[in-house]
Amino acid sequence: MSNPASIYLDNASTTALEPKALSAMESQWREKVGNASSIHAAGVGAAMELEKARAAIAGKIGAASADELLFTAGGSESNSLALLGYCRAHRGRGNHLIVSAVEHPSVLETAKQLGREGFEFSVCGVDSLGRVNEREFSSLFRKGTLLASVMHANNEVGTVNDLKELGSITHEHGAVFHTDAVQSLGKEALNMSELPVDFASFSAHKLHGPRGIGALYIRAGTVIEPVTYGGGHERGLRPGTSNVEGAAGFASALGAISESDLARMRELRDGLIRRLKAEGFRVNGCIERRLCNNVNLSFQGNGKKALFALSKRGIFVSTGSACQSNKNTPSHVLVAMGLGAQEVHGSLRVSLSKWTKASELDVFLEALLHFARDGQT
Amino acid sequence: MTEQTPDEIMDLRGVPCPVNAARAIMQLALMSEGEVLEILIDDGEPIENVPASVESANYQILLQEQQSGGYWLLRIAA
């Protein structure tokens, strides 16, 4: 952070760079020049770095092979590629897909785009805690359903869905299952060899990796078509010069997350939730199945005004997701969960990182309490 | 030595250049001196590029043989 006194609690939007990731990228930038598609030794060297990163990340998610992992520019691109690439490739078999109501805009808007292309899509609701309603989900399948997409962990309220159950229901209906795992990678156990998941989207910058690199897991044998053209990179599915530095940083950042980091975040999260509840705040989302770094709260006030007041003090939180917080629309996630207008209007998301300190949460809570009482921090 | 049973086998058919060479060299780097890696690669660009890339990385090709399916088998000393 440029201001050492600032308190950054918006880690679901993006995270500070892991020093080991910076070091991994710096050595690529400073010492290596090859394009990973060139056939000379420099190019082969770059391709080796890319494949090392691919193998490391594939190993972390339990992929059967590194070939199941495709590098992209981030989570939104991965989501779009999975939905567009699969549905367009299988148009002859069906024309229907299912998405949950609380998906990231890159899933919801892609479903709408498919709608403009002649596909039909159904939106599955969630319960008051943000969990996909499995009975409703199951009822939405029909002849010609190609794909269902449900995020692993919600970016606003942190609720974690049961991929095993939802993926199994999807497979029972002969469709493929996609999950947006951008928020959960590095925080929740993900073993693709054991999960009934055909596509999973990831992003490096949510886990202290660099911005501009992500990945899409595609189970072996699952056929998709590209959405961009002009090169054979990434098995011809994602043309463009490979981001070797980004891939190296992604792998390094993911490898640097430890169990103790997660346990510490859980402890801080639980402590903050306890204190917020004691002060009369509402905590949104599921308490038991929740990302280790997420706290989403509502109070009798204006969430956006609170955000700016906190920001003035160098405390950075969010209302809704970063992709939507600059819009004056209420959070579609909280609305889908059935929260009242005031609870939506007065909501804030606090998201921790592995470097968040207890003392920072003390300062945040004190400032929030002042704001809730006096309208200023 | 060309008759030596390979210690590792990699099927790199369908893997584009230069990723096929990169994966072979990464595997060779993991093996002990004297061991042999056998790789299968496609005809065309791969057989034109991979042997040169492997030799550029200072590994010796012991055997290069086209198979009945048109693809190539290479044995490389680690």
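Modeller: Happy to! A:H208 sits in the loop that runs between β7 (199-203) and β8 (214-218) of chain A, where helices (H or I, at least four residues) and strands (E, at least two) are DSSP runs numbered from the N terminus. This is a predicted model, in which local features need pLDDT of at least 70 and side-chain atom pairs count only at pLDDT 80 or more, while totals for chains, interfaces and linings use all residues. Residues are numbered from 1 along each chain as its sequence is written, with chains lettered from A and ligands numbered from 1 in the order in which they are written.

Although A:H208 is not a glycine, its phi is positive, about 75°. A:H208 counts as buried because it has 28 C-beta neighbours inside 10 Å; the cut-offs are 20 or more other C-beta atoms within 10 Å for buried, 12 or fewer for exposed, and partly exposed in between, with C-beta atoms placed from the backbone.

A:R235 is not a glycine either, and has a positive phi of about 55°. With 15 C-beta neighbours inside 10 Å, A:R235 counts as partly exposed.

Chain B has a backbone feature of its own: the peptide bond joining B:C17 and B:P18 is cis, with omega about 0°. B:P18 belongs to the loop between β1 (8-11) and α1 (19-30) of chain B.
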